[in-house]
Amino acid sequence: MQAQQAAVTVTGQNLANANNPAYARQRVNFQTSDPVPLVGGIQGTGVQLASIQQIRDSLLDNQITDEASVGGFWTASQSSLQNAETELGQFLNQAAAGTDGTSSSSSGTGAQGMAAQIDGLFAAFQSVATDPTSLPARQALVSQAQSLAGSFNQVASRLSAVNGNLNSSIRTDVDSANKLLSDISNLNNEIARTEAATGSTANDLRDLRQQKLESLALLTNVQTSTAADGTLTLSIGGVAMVSGAKLNDTLQAYDPGSGQLLIRAATAGTALNVTGGSIGGAIDTRDGALAGLRTGLDSLASQLITQVNSAYSAGYDLKGNTGADFFTGTNAASIGVTSGLADDPAQVQAAGVVGAAGNGAVALSVARLAKQSNASLNNETFGDAYSQVVTDLGNALSNANDQVANHQAVTSMLAQQRDSVSGVSLEEEMTNLMTFQKAYQASAQIISTVNLMLQSLIAMKSG
Amino acid sequence: MRIAGTSYNDSLVNQLNFLSSQQFQLQTQISTGQRIQKPEDDPAGLATALNLQTQAANAQQYAQNVATLQTTATSAGDALQQLKTISDRAGEIATSADGTASPTQLRAYADEVNQMIQHAVQVANSKDGEHYLFSGTKSDTAPFSSTVDANGNVTAVSYQGNTDVGQREIDENSTITVDVPGANTSGSGPRGLLADDRYGADFFNHLIQLQKDLASGDTAAVAQNDQPALTKDEDNLIYHISNNGIVQSRLDSAAIAAGNRQTSLQQALTKVAGVDVTQAITDLSQQKTTYQAALASSSVLLQLQESVMQYL
């Protein structure tokens, strides 16, 4: 009866945890009790509970852990690249069309993204070249240039913030990972003690440890091995963080001098190459696609400043002055338009010779820079170089999207397999419950039958 | 395969999420008419689209350049016609002022020529908007200024402009010049409008001389010197009128070409980035049906699960 009662308790445990995804169903294993020799033969003494076994596939567990690292990596990568895409702000919007049916890129209002503003800058130089004495055309040029410079500044600053956010998230994830490492080493300790003391597996503690391990795998890639005493040895990047019940080392985010955080072992000091999990994803995106984007924009801004100024400074303004620059600054964050041009557009140096207000030769040569290939920009024009920067980002994000979708498909498949092995099936548990209940009733019936027999025996004597 | 209780729910949630995201994407495409909104939708396609937009921007800019230049060329053409009228009248006077004309007549002609010189200076100093038409690129300065003596007769007209002309781009690496310098006595460069040594044109000086000869009654000088001189001026003017016509016609062609290019670029852009709305709506309605089927089937299964309890 006690055996059946224990079985019912285990069934109750399974039912209670039916919706707990980290729980692996448990099963009672019965064993016949030791028989005793009696006159006339060896007689059985009933049943005892041999063990409560956890139904778990460790191979599936390992696969799920590894897949969690992959998922963490690509999810972190995807979300930071989406951030970068939003902050870059280059979208296609054909709804904002000009009155002649062309798309919004060329109209002054509703222009989308820097591609249209780059086109607009050179178009404005064309307008000045065609009518150099027109002050409105000059004003429009300065305004267009200020918009473009402003966009460069804003995008540079926003992408710098994205970079900062990635560094912050690395710090946060390192703290979470260290907490999980400490939890796992504590659980190792308890599992070892419990299993040594009772001689049976500590099912629920193991479930909890597996859950912690999977949470850790989301943050960083881990290598694990199980020791004979039930403890889990855990390494990250080749350095053993947890072995036995001891927490050997923890993770530390440090600045190697470039302002971009990397990971090393806190005690041992060795640099760790984290290639999975959200920490790995953040580092990879920050130093890969995001760095490429920021560098590309800086190169573009720098070349624009250099080339435009080089052609422009040779020109003469309406008052006969020459030699001034059009753009100030050196990169995307610092590019600006020479102050004074906005208030006095007559200072725009459009003419190629002095004293000829209608000469727009320098303005024309600047306008023609739009079609010139730049050796420093992979022999592309300004517009194409910008387009390349956008395409690279788009490819990286598109790839991340695909990887995340793949990962989701694989994860849901593995989860289904694990549920199939370890998940609680209500039908099965309810049926088992009935079986154990009947067995309990049957055993109880034996007792009441023996009780009746004993009463008859006692009645015999008193009668 | 053994099915656990959580398998149903997880599977349903995944499927519904997937279908919802498909529907959302289709709905966005239909409402914007674009297959590509963001770089991640189709990186290569976006690059092509941006390139097409740049070309369209270029075409529109050329169209604007042409429109600006057409105004200038038209104004210049009007001024040239007026100068031609003056030139014709000067020629008539030179022919009429022969030996048969009386001194009174000749003095009257002289006065008329003096008026014509001043009128011609006025026309030559025409502006288009803010800039002078016939100063070369020194278009902030009036091209001609006249000196008048005590009797009100013009004694000299000097040219204040330059002989430089502006190159204006109307198409890829294709420039045109609409500017005409009022005078070019340097012997090289663009042909001067009213004075050019290479072609014997010197309109104002010839008119001034005509006025002097008429005033002094020297009809022989008029016939031998002034008349041939004015013929050269007329030829020069005819050249410029014809040239102005050619420039206007070139500008018209460039305008049409730019317009056509804009249209074809817009079509190309729609092909790259536009969505086939009919197809998208069909797909959306299919997704909707699948979504409803998923919901319906899951509700049936959830009811079945409940019934296990009832049986036991």
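Domain bounds, as used here, come from an automatic or database domain assignment. On this basis, chain A of the predicted model is divided into domain 1, made up of residues 1–55 together with 441–463, and domain 2, which covers residues 57–423. The centres of domain 1 and domain 2 of chain A, taken over C-alpha atoms, are separated by 65 Å. The contact between these domains takes nine residues from domain 1 of chain A and ten residues from domain 2 of chain A. On the side of domain 1 of chain A that touches domain 2 of chain A, the largest share, three residues, is supplied by strand E4 (residues 47–54) of chain A. By class, this side of domain 1 of chain A holds five nonpolar, three polar and one charged residues.

The confidence of the prediction was considered for the model as a whole and for each chain. The model scores ipTM 0.89 and pTM 0.87. Chain A has an average pLDDT of 89, with 96% of the residues scoring at least 70, while for chain B the mean pLDDT is 91 and 98% of its residues reach 70 or more. Within chain A, pLDDT stays under 50 over residues 96–111; for this stretch of chain A the model has 40 contacts beyond four places in sequence.

In chain A, four strands form an open sheet in the order E5-E6-E7-E8, with antiparallel pairing. Its edge strands are strand E5 (223–226) and E8 of chain A, each of which pairs on one side only. Strands of a sheet pair through backbone hydrogen bonds, either parallel or antiparallel.

Helix H4 (residues 135–198) of chain A lies across E6, E7 and E8 of chain A and runs at about 45° to E7(A). For helix H5 (residues 203–219) of chain A and helix H6 (residues 277–312) of chain A, the axes come within 2 Å and cross at roughly 0°. Since angles under 35 degrees count as roughly parallel, H5(A) and H6(A) are therefore roughly parallel to each other. In the contact of this helix pair, Ala217(A), Leu218(A) and Leu219(A) in H5(A) meet Gly277(A), Ser278(A) and Ile279(A) in H6(A). By class, the contact of H5(A) with H6(A) has four nonpolar, two polar and no charged residues.

In chain B, an open sheet is formed by three strands in the order E7-E8-E9, and the pairing is mixed. The edge strands of this sheet are strand E7 (183–184) and strand E9 (201–202) of chain B, each pairing on one side only. E7(B) pairs in the parallel sense with strand E8 (residues 195–196) of chain B over two bridges, and Asn184(B) stands opposite Asp196(B) in E8(B).

The contact of the two chains takes 57 residues from chain A and 54 residues from chain B. On the side of chain B that touches chain A, the elements giving two or more residues are helix H1 (5–32), helix H2 (43–96), strand E5 (168–171), helix H5 (219–273) and helix H6 (277–311) of chain B. Of these, H2(B) gives the most, with 17 residues. By class, the residues on the side of chain B that touches chain A divide into 18 nonpolar, 25 polar and eleven charged.

Notes:
Residues numbered from 1 in each chain as written. Chains lettered and ligands numbered in written order. Predicted model: local features only at pLDDT ≥ 70, side-chain atom pairs only at ≥ 80, totals over all residues. Contact = placed C-beta atoms within 7 Å. Nonpolar A, V, L, I, M, F, W, Y, C, P; charged D, E, K, R; others polar. Axes fitted to C-alpha atoms, helices over the stretch in contact; angles between N-to-C directions. Parallel < 35°, antiparallel > 145°, perpendicular 65-115°, else oblique. Pairing = 2+ DSSP bridges. pLDDT = per-residue confidence, 0-100.
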